[in-house]
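Here is a short briefing on one structure. Take a look at the model before reading on.

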Amino acid sequence: MINIENLCKTFGHNKAVDGLSFTVERGEVLGFLGPNGAGKSTTMRMITGFLPPSAGRVSIGNYDVAKSPLQAKRLMGYLPENAACYSDMSVHGFLSFVAEMRGLSGDAKRRSVQRVAELCFLGSVLQQQIDTLSKGYKHRTCLAQALIHDPEVLVMDEPTDGLDPNQKHELRSLIREMGRTKAVIFSTHILEEVDAACSRAIIIDRGRIVANGTPAELKNMSEFAGAVTLVAQGADAHKLAALAPAGRVEPLGGGGMRVYPRDRGASAVLVKAIMQLVAHEGWKIEALRTEEGHLDEVFRSITLPDTAKSASAVRDTQAVA
Amino acid sequence: MNSSIANVRNIAKRELGSYFTSPVAYVFLVIFLLLTGFFAFTIGNFFERGEASLASFFVWHPWLYLVLVPAIGMRVWSEERRSGTMELLLTLPVNPWEAILAKFLASWAFLALALALTFPIVITVNLLGDPDNGQILAGYVGSLLLAGAYLAITCMTSAMSRNQVVAFILSVVLCLFLILAGFNPVTDLLTRWASPALVDAVAAFSVVTHYDNFQKGVIDARDLLYFASLLGFALFATSVIIRNHRSA
């Protein structure tokens, strides 16, 4: 449904988005991750047709956003960053306005306002003026606006920003639910959301895609992925390291050891070997677990500007210049 | 085409509604009516003139609007930019020109309402004497067009900045220029060293020159064309500014 080819955006000399290409199909929830200033919002604004791209193209369904913006915009619901709403209107007035702009009228309008008000738990504040609402309600009002025409494509810029933990949880379930029938893309810098709501995630940094995969695949990029952590009395690092499937052994505090497998896929074999060794040596096990890999660690390792990276960035800019 | 009309109508309705949900509309209407009355009766010597016309009422409008119209129009785009709702508005299925036109029309309709509420002065002058009501009507048409011209310029400056004060000052300066180009003390100053043709050319750019014709009771196609082209230009400039702002 969303098709992005070689999308670029330059502000002056600054390349905010630099050659992004990806697609989002119906039934997919794509999480769009990246540090602040990585180009997430700029990309979202180009997808929704608010900013014209410097190069490349975006199409929604069969419509090119640059060539037939109205048709493309009709298919889309958009929750902008900071969830801007007309603050001098009542929630009901605002939703009715958006419904009318989406071509709904009469009974259809009334029903869709009611539907999104229920979906976003706005029933109790419908007649209240928007600038008297708390941040969470404002946010949900703006989300309701994006859903009013039951769009096939949903674009959300930091949808859970400013919500309390309960609201975040509700919203993630809602996103997951909607992802079954729609193409959904949302940006965030909260990594737990990727696990909670996404079927796929893209990490961008300085306008480029640095990782693209399912949450599980991304976690596997972690150096912890597949490592076995053992806490046992009497455990001996040398004996563990001598095991055939074991690679490096890292001592943790409190008598714990983290054993990394020699081959990445060989985690199950390693666990078996460690169990046999523990039984043979008679160590007393307190804990034994296989590490899943941490998204935040993957995120840090690929987006932190280390010296090697900045050197290559310098080379890149020189090549461009 | 139908959807364009519906879009313009919906946005204009929302815009007009937003004047009345805040105190802006009421404050403006009261101040406007007080000031027009004050200028017409006290400074304009409405009674002492002893003529059955609204000349003393209309003559102040270019100056009165100079402050009041930018005050109404300054928020039109600045507010959208500042609060981020511009992103919301322009990602709805609308053409930017529909939004520009709708916002302009809504504010213009509001100014027309304010002007219409001065009707007691028409009744007064009709009770006291026997005025030329055709001339009064032409005067109102001219006044409405004048307000529209200032408003279109304010829409343009409002699109330039997210700061309403900047928009206000810019539009006052531009409108002041449009007055002064045809203001007698200024044209007299110009005649001392410039050729009469140049003075006439400069004066032709002035709103006052064209506005005065309406006050004489003349609705001339050239004056209508002047206001129409001023409106058209300012609104077109607004659309260029908004497009550039998005692509910059």
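Leaving aside neighbours within four places in sequence, which residues is B:R81 in contact with? They are B:M86, B:A159, B:M160, B:S161, B:R162 and B:H245. Keep in mind that this is a predicted model.

**The arginine B:R81**
- B:R81 sits in helix α5 of chain B, which spans residues 75-83.
- This arginine is buried but has no salt bridge.
- The nearest side chain of opposite charge is B:E80, 9.9 Å away.
- A salt bridge needs a distance within 4 Å.
- The B:R81 side chain does reach the backbone oxygen of B:A159, at 2.6 Å.

**Cysteines**
- Over all chains, the search finds 0 disulfides.
- A:C85 is in no disulfide, and its nearest cysteine sulfur, that of A:C142, is 4.1 Å away.
- The cut-off for a disulfide is 2.5 Å between sulfur atoms.
- A:C85 is buried, at 9% relative accessible area.
- A:C120 is also in no disulfide; the nearest cysteine sulfur, again that of A:C142, lies 10 Å away.
- A:C120 is buried too, with 2% relative accessibility.

**Nonpolar cores**
- The largest nonpolar core has 150 residues.
- Within this core, A:I60, B:L54 and B:V207 touch the most other members.
- Helix α9 of chain B (residues 133-160) gives the largest share of this core, 13 residues.
- Not counting residues up to four places away in sequence, A:I60 touches A:M1, A:I2, A:I47, A:V65, A:A72, A:L75, A:M76 and A:V153.
- A second, separate core holds 16 residues, including A:L243, A:V249, A:V259 and A:L277.
- In soluble globular proteins, nonpolar side chains tend to be buried together.

Definitions and conventions
Residues numbered from 1 in each chain as written. Chains lettered and ligands numbered in written order. Predicted model: local features only at pLDDT ≥ 70, side-chain atom pairs only at ≥ 80, totals over all residues. Heavy atoms only, no water. Helix = DSSP H or I, 4+ residues; strand = E, 2+ residues; numbered from the N terminus. Buried < 20%, exposed > 50% of the residue type's maximum accessible area, 1.4 Å probe, protein only. Lys, Arg positive; Asp, Glu negative; His and termini not counted. Polar contact = N/O pair within 3.5 Å; in protein donor to acceptor, adjacent residues only side chain to side chain. Contact = heavy atoms within 4.5 Å. Core = buried A, V, L, I, M, F, W, Y, C linked by side-chain atoms within 4.5 Å.
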